[in-house]
Amino acid sequence: MTEKTQIINKRLDQILYGTEWTHKIHEKVADTFEITDRLLTFISVLTTALSGSGILAAVFSNNQSLRIAAAILAAISLFSTLLTKSFRFSVRATEQRHAARKFLSIRECIKNLQVKINTDNISVDEILTEVFQLSDAYTSACIKAPSTNFFAKYLAEKEFLRSSSELTSSYKKERNTDE
């Protein structure tokens, strides 16, 4: 491998790392939005059903605590419905998944280029052209991507550390059995 291709591979590794990391964070944000949407929808349906039956029961009885419970359930139902509608968690999850898929596509292009480089099936000029295009695509995807949050970064780091640990331990097992 020439010095030029080593420099190019180093740059590709940098773009690949950023792409994989950004993809993972957007996936985690999408996951949290989907879970939040499902949870709030469930709470809304459950509290609507309970408050409706509680209101019916309160109409036919003089139990004050039943009326208070029905009012509280109705308020919770309204709050969860408004929260779900206002923050549009399912729409935001879809936007995050779309961004994650864009980074996944860029990652695959990088890996395909690395194969071409390692099998000497491409000239240095063609490599440089593709690297610049991939760098531009990554930058553009970052600019267009919806914002993420600290919690998603934390979840991505946690998963990354776990998978790195698993890879390291499987590598060590391979090394111990070969020796």
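User: Is aspartate 120 buried or exposed?

Analyst: Aspartate 120 is exposed, because its relative accessible area is 67% and the cut-off for exposed is over 50%. Please note that this is a predicted model.

User: Where is the place of aspartate 120?

Analyst: Aspartate 120 sits in the loop between α3 and α4, the latter covering residues 124-144.

User: What is phi of aspartate 120 near?

Analyst: Phi of aspartate 120 is near 55 degrees, which is a positive value in a residue other than glycine. Most residues other than glycine have a negative phi.

User: And what about phi of arginine 88?

Analyst: Arginine 88 also has a positive phi, near 45 degrees, and it too is a residue other than glycine. Its place is in the loop between α2 (64-87) and α3. Arginine 88 is partly exposed, with a relative accessible area of 44%.

User: Changing topic: how many salt bridges does the structure hold?

Analyst: There are 9 salt bridges in the structure. Side chains of opposite charge can pair when their charged atoms come close.

User: Which side chain meets that of glutamate 159 in a salt bridge?

Analyst: The partner is lysine 24, at 2.7 Å from N to O. Glutamate 159 belongs to helix α5 (residues 150-178) and lysine 24 to helix α1 (residues 3-59), so this pair ties together parts that are 135 residues apart in sequence.

User: How accessible is lysine 24?

Analyst: Lysine 24 has a relative accessible area of 25% and is therefore partly exposed.

User: What does glutamate 27 form a salt bridge with?

Analyst: Glutamate 27 pairs with arginine 97, and the closest N and O atoms are 2.3 Å apart. This pair links distant parts of the chain, since glutamate 27 is in helix α1 and arginine 97 in helix α3 (residues 89-118), 70 residues apart.

User: Which residue of that pair is buried, and which is partly exposed?

Analyst: Glutamate 27 is partly exposed, with a relative accessible area of 22%. Arginine 97 counts as buried because its relative accessibility is 17%, and the cut-off for buried is under 20%.

User: What about arginine 97 and glutamate 34: how do their side chains meet?

Analyst: The side chains of arginine 97 and glutamate 34 meet in a salt bridge of 2.9 Å, N to O. Arginine 97 is in helix α3 and glutamate 34 in helix α1, so the pair ties together parts that are 63 residues apart in sequence. Glutamate 34 is partly exposed, with a relative accessible area of 25%.

User: Which residues do salt bridges that share partners join into one network?

Analyst: The network consists of Glu27, Asp31, Glu34 and Arg97.

User: On to pockets. How much space lies in the largest pocket?

Analyst: The largest pocket holds about 190 Å³ of space.

User: And which residues line the largest pocket?

Analyst: The lining is made of Tyr17, Glu20, Trp21, His23, Lys24, Arg107, Lys111 and Phe160. The elements giving two or more residues to this lining are α1 and α3. The largest share, 5 residues, comes from α1.

User: How do the residues of that lining divide into nonpolar, polar and charged?

Analyst: They divide into 3 nonpolar, 1 polar and 4 charged residues. Lys24, one of the lining residues, is also the salt-bridge partner of glutamate 159.

User: What makes the nonpolar surface patch of about 470 Å²?

Analyst: That patch is made by Ile55, Leu56, Val59 and Phe60. Valine 59 lies in helix α1 and is exposed, with a relative accessible area of 58%.

User: Now some distances. What separates the C-alpha atoms of glutamine 6 and valine 59?

Analyst: Their C-alpha atoms are separated by 79 Å, and the two residues are 53 residues apart along the chain. Glutamine 6 is found in helix α1 and is partly exposed, with a relative accessible area of 46%.

User: And how far apart in space are threonine 84 and serine 44?

Analyst: Threonine 84 and serine 44 are 9.1 Å apart, C-alpha to C-alpha, and 40 residues apart in sequence. Threonine 84 is found in helix α2 and counts as buried, at 14% relative accessibility.

Note on methods:
Residues numbered from 1 in each chain as written. Predicted model: local features only at pLDDT ≥ 70, side-chain atom pairs only at ≥ 80, totals over all residues. Heavy atoms only, no water. Salt bridge = Lys/Arg side-chain N within 4 Å of Asp/Glu carboxyl O. Helix = DSSP H or I, 4+ residues; strand = E, 2+ residues; numbered from the N terminus. Buried < 20%, exposed > 50% of the residue type's maximum accessible area, 1.4 Å probe, protein only. 1 Å grid on protein atoms, 1.4 Å probe; cavity = no way out; pocket = protein on both sides within 12 Å on 5 of 7 lines; lining within 4 Å. Points joined across faces, edges and corners; volume = space filled by probe spheres on them. Nonpolar A, V, L, I, M, F, W, Y, C, P; charged D, E, K, R; others polar. Patch = residues over 30% accessible without salt bridge, like charges linked within 9 Å, V, L, I, M, F, W, Y side chains within 5 Å. Areas by Shrake-Rupley, 256 points an atom, 1.4 Å probe, with all protein chains shown as cover.
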